[in-house]
There are 2 protein chains.
Amino acid sequence: MKNIKLTIEYDGTDFCGWQKQIGLRTVEGVLNETLTKVLNEEVEVIGSGRTDSKVHALGQVANFKSDTPISLDRFPRAVNSYLPPDVAIISAEEVPMDFHARYDPKRKTYLYKVQNGSVCRPVYRNYAYHYYRRLDEEKMRQALGMFVGEHDFKAFMSSGSPIKKTVRTIYKAEISREKDLFVIEVEGNGFLYNMVRRIVGVVLEVGSGRLDAGEIPEILKEKENCRTRRLAPPQGLYLKNVEYEV
Amino acid sequence: MKNIKLTIEYDGTDFCGWQKQIGLRTVEGVLNETLTKVLNEEVEVIGSGRTDSKVHALGQVANFKSDTPISLDRFPRAVNSYLPPDVAIISAEEVPMDFHARYDPKRKTYLYKVQNGSVCRPVYRNYAYHYYRRLDEEKMRQALGMFVGEHDFKAFMSSGSPIKKTVRTIYKAEISREKDLFVIEVEGNGFLYNMVRRIVGVVLEVGSGRLDAGEIPEILKEKENCRTRRLAPPQGLYLKNVEYEV
């Protein structure tokens with residue numbers, strides 16, 4: 001028996017998110033179904049965490065235990081030929097038997113892409129948030145800086161989450177720009193439900209001049225998400241990678 | 001009566017190309033239908049040239065004559081709200097009555113994107129050609145350089161084109177790389193049917209070591225496309241822009 005860690009990329013456009021749900025097309029559901037068929041044994045992968053409908057992943061991580069004789073360097077190719085083209089296994093490696101993708105992540109990184117301009121560009125429509133108000137990159141950088149460090153992010157969590165401990169540490173929150181496309185990168189030791197999309201919502205309010213970055217510490221102190229109602233939409237979000245202690 | 005020049009972006013994935021065809025979803029067909037409805041007058045746009053099924057455009061150009069009272073700076077927004085999200089008008093401007101999008105182009109630029117690696121990445125599957133053999137950037141740069149200048153590109157034209165004059169001038173043919181994505185940019189005074197995709201096909205043969213760049217002048221001298229059979233697939237191609245004499 002081996003414990004196998006998969007790194008997975010998917011285009012979230014046509015998936016109802018990660019988590020399996022009866023009657024809906026989800027990444028977890030498609031992976032379980034395909035792996036069960038290809039390996040000819042019942043497979044249920046454990047993901048590092050859920051992603052919502054339309055959210056993408058460049059480096060989602062999942063693990064499962066198996067007796068498969070397929071060598072792990074040939075594993076991605078063998079399985080990818082049975083997976084639909086909007087999800088692929090990037091790599092597979094053997095990990096210690098106690099490795100658990102959901103409980104053990106030490107660090108996650110997300111990207112959020114914003115297309116800024118008057119017209120919603122067709123080639124980005126499923127891969128970025130079209131924001132038409134003019135954005136100030138420097139103001140957004142300032143806003144992002146306010147989130148770095150350890151904070152209670154309760155005000156940045158969507159309801160419906162059973163999580164009790166809401167303190168998280170953000171290691172990095174940066175922004176870069178290429179022409180009309182802004183890319184925000186946020187790295188932390190963990191994220192609450194919708195936390196990145198709520199941070200981006202506030203950063204865009206600052207970038208468009210409707211909120212002062214100096215107000216962010218106050219917003220962070222609130223214990224309800226009353227002022228962080230603006231939730232950036234899912235299609236701009238990418239789970240970039242998940243890191244574990246080696 | 002005004003002559004209106006439109007700059008158009010589209011995601012070619014779900015279009016059967018530019019040119020209108022009965023019963024098929026094409027960019028020209030969708031534009032004619034939408035403009036006719038919005039302007040309440042029969043509109044038939046003239047495009048700078050066709051693009052094939054799955055080929056994208058960042059700056060396709062078309063023109064049409066109209067009596068519309070809609071001001072041209074508000075025109076894109078007014079029409080885009082009626083267009084499907086995979087095609088959008090980026091800008092509209094009034095041009096002299098004798099401007100003709102198809103006959104007058106002085107210069108066109110295409111991009112071709114290649115994703116190089118062992119796995120076909122889901123987020124690029126409709127936006128780049130997945131090429132799994134290792135590519136040498138410097139060799140590809142050398143190969144591209146061989147196409148710059150005036151050449152008879154008869155051997156790089158797919159059959160089915162009625163074109164008789166096959167001499168074209170390439171002003172620029174460059175390559176850049178970001179991680180696993182190569183972007184080839186080719187600018188010329190005109191392009192034959194499938195010419196960019198056939199040039200890319202040869203460049204990839206050189207990049208993967210199966211052809212020597214030094215053989216390209218010989219291939220250019222051939223009068224049939226026997227050695228340029230390798231036609232790079234459509235989803236990597238983008239019509240970047242079309243320039244006219246001012």
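**View 1. Where chain B meets chain A in this predicted model.** Here 18 residues of chain B are in contact with 18 residues of chain A, a contact being two residues whose C-beta atoms, placed from the backbone, lie within 7 Å. On the chain B side, the elements giving two or more residues are β1 (2-10), α2 (75-80) and β4 (87-95); helices (H or I, at least four residues) and strands (E, at least two) are DSSP runs, numbered from the N terminus. By class, that side of chain B has ten nonpolar, two polar and six charged residues. In this count Ala, Val, Leu, Ile, Met, Phe, Trp, Tyr, Cys and Pro are nonpolar, Asp, Glu, Lys and Arg are charged, and the others, Gly among them, are polar. This is a predicted model, in which local features need pLDDT of at least 70 and side-chain atom pairs count only at pLDDT 80 or more, while totals for chains, interfaces and linings use all residues. Residues are numbered from 1 along each chain as its sequence is written, and chains are lettered from A and ligands numbered from 1 in the order in which they are written.

**View 2. The relation between the two chains.** Two copies of a chain are related by a rotation about an axis and a shift along it. For this pair, a rotation of 180° with 0.0 Å of shift along its axis superposes chain B on chain A, with an RMSD of 0.0 Å. That is the relation of a two-fold axis.

**View 3. Helix α1 of chain A and its buried face.** Buried in α1(A) are V27(A), E28(A), L31(A) and L35(A). A residue is buried if 20 or more other C-beta atoms lie within 10 Å of its own, exposed if 12 or fewer, and partly exposed in between. Seen down the axis of α1(A), the buried residues fall within an arc of 90°, so they line one face of the helix; the arc is that of the directions from the helix axis to the C-beta atoms. They pack against β1 (2-10), β2 (46-47), β3 (56-66), α2 (75-80) and β4 (87-95) of chain A. Just after the helix, N40(A) takes a positive phi of about 55°.

**View 4. A143(B) in helix α3 of chain B.** In α3(B) (residues 137-145), M140(B), A143(B) and L144(B) are buried. They cover an arc of only 100° around the axis, which puts them on the same side of α3(B). Their cover includes β8 (167-178), β9 (181-188), α4 (195-207) and α5 (216-221) of chain B. A143(B) has 27 other C-beta atoms within 10 Å. Not counting residues up to four places away in sequence, A143(B) touches V202(B), V203(B), V206(B), A213(B) and I216(B).

View 5. M1(B) sits in the segment before β1 of chain B. Is this residue buried or exposed? M1(B) is exposed, with 7 other C-beta atoms within 10 Å. Leaving aside neighbours within four places in sequence, M1(B) is in contact with K65(B) and D67(B). The C-alpha atoms of M1(B) and K65(B) are separated by 6.6 Å, although the two residues are 64 residues apart along the chain.

Key. Least-squares fit on C-alpha atoms with pLDDT ≥ 70 in both.
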